Amino acid sequence: MDNVNDVGDKLDQLERDGYLLVEGALTPNETEHIRQRINYARQQGWEEGLNSVGNMWFDTLLDREPETYQPLVGHPSIRPYLEGMMGKQCQLRSFRAHINPGPYLQEWHLDFHGYWQEKREAEKHRYAVSTVSFNTTFYFQDNEPGSGHLKFVKDGHLSEPKYIYAGDWPKFEAWCNAQEHVILYPKAGDCVVFINHMPHQGAKERDDMERSNVVCHYQVTPMHDGVRYVSSPRGYTGTFPFVE
Ligand SMILES: O=C(O)CCC(=O)C(=O)O
């Protein structure tokens, strides 16, 4: 595991580069166990689907097998970074596993697709705050040159990408492809923590590589469960009266 005594330096790096590769975030036993359970989930047909770029996704694993997957949420090797960035306002938004069964070249995308829209919207209102969202993506096989990778638009978290809100995907893809990139080769047990409005694209370089990952999405939610308040919150869904 990385030395987590230098959390401050790592957070500076994360803020500057948009990502942090945490090597050996999971032990070999944890990695192998979860790798097998993801494959088991596929055997059971628990996937939500397989999209056209070769990504099979599973949204129910945390509920189906909490004993296997809950430890990834706020995992001790990642927690110092999550807490360092968000403190108690860190909220798990979603938990999704992926398998890439065949050829795989992911579409360029931002997980928090509306980041720049929300930022502009917040700027119009005196007390509105814009928020940010992070991925912790755990890998279960060795991605290496010749087998697979994760690619970012370099510094793509710092300025708005072109064409994202124009709905012109081929132009957005071409724009992303034309930028300077950073390519990571996360190994089995590694975790990539990243600001998820940075455009990114996973890929297999060898179609027969076994490749899977688990993504925990976190968001900054200012009113967390522990705030002191005269009343209790009514929950989450349906409590935003101005959201259409
Ligand atoms: O490595 C990959 O396949 C892509 C990962 C991804 O899209 C994510 O972590 O949000």
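Thr136 stands opposite Cys216 in strand 10. Strands here are DSSP runs of E with at least two residues, helices are DSSP runs of H or I with at least four residues, and both are numbered from the N terminus. The model is predicted: local features need pLDDT of at least 70, side-chain atom pairs count only at pLDDT 80 or more, and totals for chains, interfaces and linings use all residues. Residue numbers start from 1 along each chain, following the sequence as written.

**Overall build**

- The protein holds seven helices and ten strands.
- A compact globule of 244 residues would have a radius of gyration near 18 Å, and the protein agrees, with 18 Å. That radius is taken over C-alpha atoms, and the globule rule is 2.2 Å times the number of residues to the power 0.38.
- Along the principal axes, the C-alpha atoms fill a box of roughly 55 × 45 × 40 Å.
- Of the 244 residues, 29% count as buried. Buried means 20 or more other C-beta atoms within 10 Å of the residue's own; exposed means 12 or fewer; partly exposed lies in between, and C-beta atoms are placed from the backbone.
- Take the contacts between residues at least 6 apart in sequence: 83% of them join residues at least 24 apart. A contact requires C-beta atoms, placed from the backbone, within 7 Å of each other.

- Two strands pair if DSSP finds at least two bridges between them.
- Strand 4 (residues 90–99) runs antiparallel to strand 10 (residues 212–220), with nine bridges joining them. Ile99 stands opposite Ser212 in strand 10. Ser94 has His217 of strand 10 as its bridge partner.
- Strand 10 also takes seven bridges from strand 5 (residues 133–139), again antiparallel.
- Three bridges link strand 3 (residues 56–58) to strand 4 in the antiparallel sense. Here Phe58 faces Ala97 of strand 4 as its opposite residue.
- Strand 1 and strand 8 run antiparallel and share four bridges. Val22 stands opposite Cys191 in strand 8.
- Angles run from 0 to 180 degrees between N-to-C directions; axes are lines fitted to C-alpha atoms, for helices over the stretch in contact.

**The largest nonpolar core**

- This core has 40 residues, and Tyr19, Phe138, Cys191, Val193 and Phe194 touch the most other members. Strand 8 (residues 191–195) gives the most to the core, with five residues.
- A nonpolar core is a set of buried Ala, Val, Leu, Ile, Met, Phe, Trp, Tyr and Cys residues joined through C-beta atoms within 7 Å.
- Which residues does Phe194 touch, leaving aside those up to four places away in sequence? They are Gly18, Tyr19, Phe134 and Asn135.

- A second open sheet has the order 7-6-9, with antiparallel pairing. Strand 7 (181–184) and strand 9 (200–204) are its edge strands, each pairing on one side only. From one strand to the next, the twist averages 25°.
- Four bridges pair strand 6 with strand 7 in the antiparallel sense. Val153 stands opposite His181 in strand 7.

- Asp155 sits in the loop between strand 6 (148–153) and helix 7 (169–178). Its phi is near 60°, a positive value in a residue other than glycine. Asp155 is partly exposed because it has 14 C-beta neighbours inside 10 Å.
- Tyr163 is in the loop between strand 6 and helix 7. Phi of Tyr163 is near 70°, also positive in a residue other than glycine. With 15 C-beta neighbours inside 10 Å, Tyr163 counts as partly exposed.
- Gly87 and Gly226 are 139 residues apart along the chain, and their C-alpha atoms are separated by 12 Å.

How values were computed: Contact = placed C-beta atoms within 7 Å.
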